[in-house]
Amino acid sequence: MTKRIAILGAVAATALISGAPAMAEKITIGLASEPTSLDPHFHNLGPNNAMSVHLFDRLIKQDERQRLAPSLAESWAPVDDLTWEFKLRQGVKFHDGTDFNADDVVCSWERAPDVPNSPSGYGTYTKGKTMVKVDDYTVHIKTGAPYPLMANDVSVVPMISDSVGCGATTEAFNSGEAAVGTGPFKFSSYKPGEAITFVRNDDYWGDKAIWSEVEYRPIKAGPSRVAALLAGDVDMITGVPTTDIAMLGGKDDITLSQGPSNRVIYLHMDQFRENSPHITAKDDSPIKNPLMDKRVRQAISMAIHRDAIVERVMEGVAIPAGQLLPDGFFGVSDKLDVVGYDPKAAKALLAEAGYGDGFKMTIHGPNDRYINDAKILEAIGQMLSRIGIETAVETMPRSVYFKRASKGGEGSLPEFSFILVGWGAGSGEASSPLKSLIHTYDKDQGFGSSNRGRHSNAEIDAIIEEALRTVDDAKRQDLLAKATEMAIGDVAIIPTHFQVNTWAARKGLKYIARTDEYTLATGIIKE
């Protein structure tokens, strides 16, 4: 298998992509997980973000390891403790021929956190930061305190057209009417569940794409994606099923690309309602929400056999998780280990918390978003049932799941009690999951935007906020690590594993594996 697995670096990618001539050649990609919209601000979700990169540039781009580089902004720097200055690239045009300038940046920044009905928006990156136009090609971002991570946050927000997109609805982007960006591809068609098609932007300001047309076909079932690749119906597939990696790796006409991601798969627990909607006593009578007790959360974590999930469910293609990001990322703690499997201790903790007889609970999750997500949910359900928590499993398509998990309950609160989710650090460092998943929910300040369990701890909040305004890198690293340690100690969430992603392509093609898991047409190169 290993002879056919390629992990490519930026040097090779740049040489092959930027140096390739602009030919009339189409590429077709089978997608494991389809975006929920082409509105680049609607849903801060990996498949959506990856798709939007084709149409909408950012001010700062990220490479395959999430290192920052100039894009629509040629340079950036702090001009004082509370102000960052961005110098914009001149001569860039939108797909409709209009000029890109500071007005587009301001409108994009203002729209990004406030799209109606967004399941998870961009407020975590934009709130508390005021975008000001200085001149046509200079903008300032002002903050109430020093903010050293500005470039990381800015690199996540897509830029749209002030004249076309800023007043547009999500439906207008999906129809193509407002899908006008500055990116390397132009909108061609979008048929949810069938195909998304882009054509090359031959007037692109940067390196031209080698593909004249790219078609993304959603193929939810893993065996169907593999069959489509082997039959030649698609040129490449994402999300190679773990059960098929060895088989495909042994074929001379298939190339595998594989790499670890920054995505942690984890469990959110209802920690804010005394009467949680999907938890009862064993006799179905109502009980006070046991997930509000830290000992119960600890018991659940101890009951999960992470090594078994990695080895049996994930076929060894995953990494057990004990915190929010894998080793090597900024802000990771060196003091945290993966929680060991200990069902005996878990039962003792349940008894100590007053739940010696257990209780009933439903775990909810998607069945088409993460690698083997439905199988993981079934495995966790069985593990929890073994310690006396009778756990039913309910899965659903991600398009339904995320809406209900975010705002599907009474009063637009999260509907579920116990859920499986994943988080990829869009900024490439630990403040991303800390301020989105762990910090107390605060819509106005952009904190806790994906804190679906509504965990709240004022001491952890204070450390996160201190880290965000700490300019010294070493001190900020220590603060982020401390906040992570406190969050894991409080069992704010329960990490299970980090995803390792695998792409498969026909002979002659290779994909540059990315830590953000994006599948980009510009990352497919010819051997």
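Me: What does the side chain of Lys129 make a polar contact with?
Reply: The side chain of Asp153, at 3.3 Å. A polar contact is a pair of N or O atoms within 3.5 Å, one able to donate a hydrogen and the other to accept it; residues adjacent in sequence count only if both atoms are side-chain atoms.

Me: What are the ground rules here?
Reply: This is a predicted model: local features need pLDDT of at least 70, side-chain atom pairs count only at pLDDT 80 or more, and totals for chains, interfaces and linings use all residues. Residues are numbered from 1 along each chain as its sequence is written, and side-chain values use heavy atoms, with hydrogens and water left out.

Me: Is Lys129 buried or exposed?
Reply: Buried, with a relative accessible area of 9%. Buried means under 20%, exposed over 50%, partly exposed in between (1.4 Å probe, protein chains only).

Me: Which residues does Lys129 touch?
Reply: Among them are Trp109, Ile141, Tyr147 and Met150, not counting residues up to four places away in sequence. Contact means heavy atoms within 4.5 Å.

Me: New topic. Where is Lys129 placed?
Reply: In strand β7, residues 129-135. Strands are DSSP runs of E, at least two residues, numbered from the N terminus.

Me: What is the strand order in the open sheet?
Reply: β5-β6-β8-β7, with antiparallel pairing. Two strands pair if DSSP finds at least two bridges between them. β5 and β7 stand at the edges, each with a single partner strand, so one side of each has no neighbour in the sheet.

Me: How many bridges join β5 to β6?
Reply: 6. Trp76 has Phe86 in β6 as its bridge partner.

Key. Helices (H or I, at least four residues) and strands (E, at least two) are DSSP runs, numbered from the N terminus.
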